[in-house]
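I opened the file and kept short notes on what I looked up. The entries follow in the order I made them.

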Amino acid sequence: MILPSNDERSLFTLIGELPDRVSNLVRAEIDQIKAELSYKAKHFGIGAGLIAAAAFVGIFLLGTLITTGILALALVLPAWAAALIVSGVLLLIILILVGIAALNFKRGNEPLESIESLRRDLDMVKGTGEYDRD
């Protein structure tokens, strides 16, 4: 059986196919939105976990800074210098974790492409907006 080409189909055939095509388009757009929201939730979760890890390490930073102050008052230079070095290392770890978390928050905050695509499709169906008018 040879199917008619797009040029040979009747207007009634094309109108009959329209609901299925619109339905398939809407389903595809909804599936894409679900995938994008899942991606965003994943990156927000990673960012939140890294912030929690940075806060946990921050507790140790506070302890070492207090120890540094006590040792500085005692004027025992080698112990004071060692405590300051440990505090610097912990601060560096916190900065790295917060930087990675910020990157993940930015990735999760990118705009949804599907929403704009769905708006363009709806504008096309309504006959408004910018779309290809061949």
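Entry: fold. I read along the sequence and wrote down the pattern α-α-α. My tally was three helices and zero strands. The model is a predicted one, so I turned to confidence before going further.

Entry: confidence. I noted an average pLDDT of 80 for the protein, with 83% of the residues scoring at least 70. By helix, the mean is highest in H1, at 85, and lowest in H3, at 75.

Entry: burial and surface. I looked up how much of the chain is covered: 18% of the 134 residues count as buried.

Entry: I placed Ser 87 in helix H2, which covers residues 77-108. Is Ser 87 buried or exposed? Ser 87 counts as buried because its relative accessible area is 4%, where the cut-off for buried is under 20%. Leaving out residues up to four places away in sequence, I listed its contacts as Leu 61, Thr 64, Leu 65 and Thr 68. Helix H1 runs over residues 11-74.

Entry: Ala 83. Ala 83 also lies in helix H2. Its relative accessible area is 11%, so I marked Ala 83 as buried. Which residues does Ala 83 touch, not counting those up to four places away in sequence? I found Thr 68 and Leu 71. From Ala 83 to Thr 68 the C-alpha distance is 5.3 Å, at 15 residues apart in sequence. Thr 68 was already in my notes as a contact of Ser 87.

Entry: Ile 46. This residue is found in helix H1. I put Ile 46 down as partly exposed because its relative accessible area is 35%. Its C-alpha is separated by 9.2 Å from that of Ile 100, which is 54 residues away along the chain.

Entry: charges. Side chains of opposite charge can pair when their charged atoms come close. How many salt bridges does the count come to? It comes to one salt bridge. The partners are Glu 17 and Arg 21, with the closest N and O atoms 3.5 Å apart. The two sit about one helical turn from each other, because they are four residues apart in helix H1. I checked cover for both: Glu 17 is partly exposed at 24% relative accessibility, and Arg 21 is exposed at 54%.

Entry: H3. I tested the length of helix H3, residues 113-126. At 1.5 Å a residue its 14 residues should span 20 Å, and the end C-alpha atoms are 20 Å apart, so the two agree. I then looked for buried positions in H3 and wrote down Ser 114, Ser 117 and Asp 121. These cover an arc of only 65° around the axis, so they are on the same side of H3. After H3 comes Gly 127, and I noted its positive phi, near 85°. I read these H3 entries with its mean pLDDT of 75 in view.

Technical notes:
Residues are numbered from 1 along each chain as its sequence is written. Side-chain values use heavy atoms; hydrogens and water are left out. Buried means under 20% relative accessible area, exposed over 50%, partly exposed in between (1.4 Å probe, protein chains only). The expected span of a helix is 1.5 Å times one less than its number of residues. The arc is that of the directions from the helix axis to the C-beta atoms. pLDDT is the predictor's confidence in each residue, from 0 to 100. A salt bridge is a side-chain nitrogen of Lys or Arg within 4 Å of a carboxyl oxygen of Asp or Glu. Contact means heavy atoms within 4.5 Å.
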